[in-house]
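Trainee: I would like to learn how to read a few features of a model. Please go through them in turn.

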2 protein chains.
Amino acid sequence: MVVVAACQIPASIGTNDHGPLVAAVREAAGRGADLVVLPELAVCGYVFHTAAEARAAAQDLDGPTVTLLKSLSRDLGVVLVCGFAELGEDGEVYNAAVLVEDGSVRTRYRKAHLWGREPEFFRAGDQPPAVVETAIGRIAVMICYDLEFPEWVRLTACAGADLIAVPANWPLDHHPVPDRAIEVVKAQAAAATNRTYVVVADRCGRARGVDWIGGSLIAADTGHLLAGPATGVAAPAVLTCHLDPATARDKSAGPHNDVMDDRRLELYQQF
Amino acid sequence: MVVVAACQIPASIGTNDHGPLVAAVREAAGRGADLVVLPELAVCGYVFHTAAEARAAAQDLDGPTVTLLKSLSRDLGVVLVCGFAELGEDGEVYNAAVLVEDGSVRTRYRKAHLWGREPEFFRAGDQPPAVVETAIGRIAVMICYDLEFPEWVRLTACAGADLIAVPANWPLDHHPVPDRAIEVVKAQAAAATNRTYVVVADRCGRARGVDWIGGSLIAADTGHLLAGPATGVAAPAVLTCHLDPATARDKSAGPHNDVMDDRRLELYQQF
């Protein structure tokens, strides 16, 4: 069993304040976390007004955010997944995330499905999530809206992910959230459909008029919620739970079925 | 706006009792239903022990169940979707469903994803759901476990379905159902992911030791529940609600996004 954490923290554009991130990671580590998932654009914030603002927030893999993550991962012995604005080698700005283990960047993922005004600020990624064999299981990273495309989740699960770590910023567009936020429903379905753990770190902290669902959650490979979502107004939160990533390698569903083998691939491609 | 109904009724093997079906359809019609969805294998029952038993229950499109559905659809002015055991022209037995409008079978669908011991009793279908242009909107039919394959739902939505009618028999394997039954979560996600209405008619009535979730529901094209699911032990129920099928033709998600256009098809096929 490992301890998994999803940290829901605030971020503000232009402040470059790493304080909430550090505090949340330390709290999670204090609770024994082996894996800590942080939000999309966790430090630099999300609600950009201009491309210049996003570019000013962007950094490369040697920048302060990733350097801090590397240091925290080594010092605390935790695997970290965290979103940031990346200035690529190609000069483009990406909505990206890293998975950091023992002081090293194991993978960098660039969001492939952009939401809202993001195309004004970010270039879309064009590579699927890598599945990283970490000390605690096979982990893949995708970002926010990516999770709402079953095709993307399916190919990631088929590539062998035990757990999908999802930095997110889920804007709140209904007050109050009716029933259960549909983003939460989709995250649970993504887990259950593929028999893969899903960990979403949403954010909090009203920013430039935007509120957030605060829907951070940890879904079992059955789709059931092991932790979260927080309810009501999005507030800082560190969710933790125990889980065994290896159970995700068993795709059976009862004695006669298997959620992967039962696909009718020949029919999906024909029509 | 149209009135849609999901009827949760019991069925017993060998009795050939159409009474619960007729009563439920009449109740729904009495509430103004334009579309009535009934369970999988709605009259003949589900829990077969042998292939001979399933074959004995099977009938062709001129058999008593479909003949009754045709008559009810004409007499009551309702579109009916109902599951039955079909004896095909090829001599095979299928877990099938028909959509009947104004006395005519508009489409017959054969379940493509078989659950549990069904492969002992039924041949799997190999055709996607047809999208039928009815007087009340574009309706497609799939059966139970089919709905848990996002690929199948996606291709049906892409073919133009406003509403997917899903006869189901959801066996209960957890007592009590933890949180929300994951079949319900998947149905909601299927609707939201494709911006398509989803109507599930589950069954009730303990049969040969099997209980049922009783999760009949009507999900809006946002994924939110318009009716159901019933809670607790599965009991007879006629769920109804008003909805406008045509709203499902708008796939936009906020001012900048579209759940279909935002797919990165070139990436899904590459990996």
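Trainee: What covers the buried residues of α1(B)?

Mentor: The cover includes β1 (2–8), β2 (35–37), α3 (64–76), β3 (79–87) and β12 (237–243) of chain B. A contact here means that two C-beta atoms, placed from the backbone, lie within 7 Å. Helices (H or I, at least four residues) and strands (E, at least two) are DSSP runs, numbered from the N terminus. This is a predicted model, in which local features need pLDDT of at least 70 and side-chain atom pairs count only at pLDDT 80 or more, while totals for chains, interfaces and linings use all residues. Residues are numbered from 1 along each chain as its sequence is written, and chains are lettered from A and ligands numbered from 1 in the order in which they are written.

Trainee: Which residues of α1(B) are buried?

Mentor: A residue is buried if 20 or more other C-beta atoms lie within 10 Å of its own, exposed if 12 or fewer, and partly exposed in between, with C-beta atoms placed from the backbone. In α1(B) the buried ones are B:P20, B:L21, B:A24, B:V25, B:A28 and B:A29. Viewed along the axis of α1(B), these buried residues fall within an arc of 160 degrees, so they line one face of the helix. The arc is taken over the directions from the helix axis to the C-beta atoms. An α-helix has 3.6 residues a turn, so residues three or four places apart point the same way. Exposed residues B:G19 and B:G30 sit on the face of α1(B) turned away from its buried side.

Trainee: How is the length of a helix checked?

Mentor: The expected span is 1.5 Å times one less than the number of residues. For the 12 residues of α1(B) (residues 19–30) that should give 16 Å, and the end C-alpha atoms are 16 Å apart, which agrees. After α1(B) comes B:G32, with a positive phi near 95 degrees.

Trainee: What do the buried residues of α1(A) pack against?

Mentor: They pack against β1 (2–10), β2 (35–37), α3 (64–76), β3 (79–87) and β13 of chain A. The buried set of α1(A) is A:P20, A:L21, A:A24, A:V25, A:A28 and A:A29. A:G32 follows α1(A), and its phi is positive, near 95 degrees.

Trainee: How is the packing of two helices described?

Mentor: Two packed helices are described by the angle between their axes and the distance between the axes. Axes are lines fitted to C-alpha atoms, for helices over the stretch in contact, and angles run from 0 to 180 degrees between N-to-C directions. Helix α6 (residues 182–194) of chain A and helix α6 (residues 182–194) of chain B pack at about 115 degrees, with axes 8 Å apart. On the α6(A) side the contact is made by A:I182, A:V185, A:K186, A:Q188, A:A189, A:A192 and A:T193, and on the α6(B) side by B:I182, B:V185, B:K186, B:Q188, B:A189, B:A192 and B:T193. By class, this contact has 8 nonpolar, 4 polar and 2 charged residues. Ala, Val, Leu, Ile, Met, Phe, Trp, Tyr, Cys and Pro count as nonpolar, Asp, Glu, Lys and Arg as charged, and the others, Gly among them, as polar.

Trainee: How many residues of chain B are in contact with chain A?

Mentor: There are 35 in chain B, in contact with 35 residues of chain A. Elements giving two or more residues to this side of chain B are α5 (150–158), α6 and α7 (265–270). The largest share, 7 residues, comes from α6(B). By class, the chain B side has 15 nonpolar, 10 polar and 10 charged residues.

Trainee: Is α5(B) mostly covered or mostly open?

Mentor: α5(B) is mostly covered, with 7 of its 9 residues buried. They are B:P150, B:W152, B:V153, B:R154, B:L155, B:T156 and B:A157. Just after α5(B), B:G160 has a positive phi of about 110 degrees.

Trainee: Where is A:D162 placed?

Mentor: A:D162 is in the loop between α5 (150–158) and β8 (163–167) of chain A. It counts as buried because it has 24 C-beta neighbours inside 10 Å. Its C-alpha atom is separated by 6.5 Å from that of A:A246, 84 residues apart along the chain.

Trainee: Which backbone details are left to read?

Mentor: The peptide bond from B:G228 to B:P229 is cis, with omega near -5 degrees. B:N16 has a positive phi of about 55 degrees although it is not a glycine, and it lies in the loop between β1 and α1 of chain B.
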